[in-house]
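Please examine the model displayed here.

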Amino acid sequence: MEGAGPVRKAFAPAGPLLGTACVPGDKSISHRAVILAALAVGQSRIEGLSLGRDVAATVAAMQAMGARIGREDDRAIIDGVGVGGLFQPESALDMGNSGTAARLLMGVVATHPVAATFIGDSSLSRRPMERVAAPLRRIGADIAASAGGTLPATIRGIAPAAPQTTRLAVPSAQVKSALLLAGLNTAGVTRVVEPVATRDHSERLLRLFGADIRVEGEEITLRGEAELRPQTLGVPGDPSAAAFLAVAASIVPGSDIRIENVGINPLRMGIYLVLREMGADIVFANEREASGEPVADLRVRHAPLRAVEVRPELVPAMIDEFPIFFVAAAFAEGRSSARGLAELRVKESDRIAAMADGLRRIGVTVEESEEGLAIQGSGGDPLPGGATVDTRRDHRVAMSLAVAGLHARAPVTLDDLSSVATSFPGFPDLVRSLQP
Ligand code: S3P
């Protein structure tokens, strides 16, 4: 939350990580499940929803536009308004820190007869929105963004909208999803062509909710005006959240943990492929399917890591995991590198700069370039640590540098831990509970 004071917190070695953990529900899937349930006709029940602030922004926005969303035990109960049935929100929709909430909901509003102003925190208000606004204008929505194509932005939706074929200029699951969500209330066939595959949670969930959606090679087609059927579903654990624990267990000697019920969608698995290439001991057990997504239990044991050069084709499948990959690389034998990372500069923070700076402060040699980072590893030795790092209020930067502190000669102090509430509010307690 902006405005609340920073919460400093030191992370220091406390022995091996041992035992069993569950991570929060997948954030990407949670946003989409809330939106589709709110657009279905009838009552959906969703278990395992992410309880972070990002998904709370999507919940609040869908409530502001008419969906009834409540809780029963740890389930969200959502009464949808039906595609086309959204109400005019009475005030601005506050997206907080969440790019996914902002971009997906811009797509939803674009084809409903409502006008909505989207606002966000200072980080989100710097992030590019033209990538989603431009294709939504082509279907007829009226979008006035701030200078530079950022939030605040006001969208006047158009209904009926004109179905379009859009070839994605930036590989972005958020832009793809915005267009598909806009297609729900558009008569005719909406096409999205995706030259580089990105996470396909929207496609899977749209199918589950009964939309007429097809995927053939690079092309996704969706037939509107869809009638979505309410669902009972379980959101798998977030592989992006699990990656922090997987790297922690890989670098801290003696560790052996299980992480239960983690989503293993192939388009999210880049970090796990790379960690295994580095020599990490990660085993997927009990593979199964749940609510249209593949799921497994992960076992991770400490193992010496070797340096790696990340293959550029893996970048989209590990786009959120570079901060924690850089930490794994800092403990590997040799020099690791990754290129083609321009998108990292426009995430919740400039993640190349944030991680280069954070790692340098705790004694790691890194070389930063415009679109990449190279990291000299310690060969498994503890890092020097002993510094306060600037997390830039970015949850993934904070958790990654915290993990580095678990195998350091002196503590790594985060200038502010509060950003972890964005995606993984229980992170510090969970780490502590794994170090009995
Ligand atoms: C997301 C897509 C990715 C990712 C983000 C979540 C999604 O963003 O970085 O954390 O849920 O669709 P881009 O679409 O900008 O690549």
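F326 has a relative accessible area of 0% and is therefore buried, a term that here means under 20% relative accessible area, with exposed meaning over 50% and partly exposed anything in between (1.4 Å probe, protein chains only). F322 is likewise at 0% relative accessibility and so counts as buried. The model is a predicted one, in which local features need pLDDT of at least 70 and side-chain atom pairs count only at pLDDT 80 or more, while totals for chains, interfaces and linings use all residues. Residues are numbered from 1 along each chain as its sequence is written, and side-chain values use heavy atoms, with hydrogens and water left out.

F322 and F326 both belong to helix α9 (residues 322-330), where they are 4 residues apart and therefore separated by about one helical turn. Helices (H or I, at least four residues) and strands (E, at least two) are DSSP runs, numbered from the N terminus. An α-helix has 3.6 residues a turn, so residues three or four places apart point the same way.

Aromatic pairs are considered next. Rings of Phe, Tyr and Trp (its six-membered ring) pair if their centres lie within 6.5 Å; planes under 30 degrees apart count as stacked, over 60 as edge-to-face and the rest as tilted. By this rule there are 7 aromatic pairs. In one of them, the ring centres of F11 and F427 lie 6.3 Å apart with the planes at 40°, so this pair is tilted. It connects distant parts of the chain, since F11 is in strand β1 (residues 9-11) and F427 is in helix α12 (residues 427-433), 416 residues apart. Both F11 and F427 are buried. The rings of F322 and F326 also form a tilted pair, because their centres are 6.0 Å apart and their planes stand at 45°.

F11 and F427 are members of one aromatic cluster together with F244 and F424. Charged side chains also meet rings, a charge being over a ring if NZ of Lys or CZ of Arg is within 6 Å of the ring centre and within 35 degrees of the ring normal. K9 lies over the face of F11, 5.5 Å from the ring centre, and the charged end of R276 is over the ring of F284, at 4.8 Å from its centre.

After α2 comes G66, with a positive phi near 115°.

L93 is located in strand β6 and, at 3% relative accessibility, counts as buried. Leaving aside residues up to four places away in sequence, L93 touches A61, A64, M65, A116, T117, F118 and I119, where contact means heavy atoms within 4.5 Å.

For the protein as a whole, there are 12 helices and 22 strands. Buried residues account for 58% of the 436 residues. Among contacts between residues at least 6 apart in sequence, 76% join residues at least 24 apart. Along its principal axes, the C-alpha trace spans about 60 × 45 × 45 Å.
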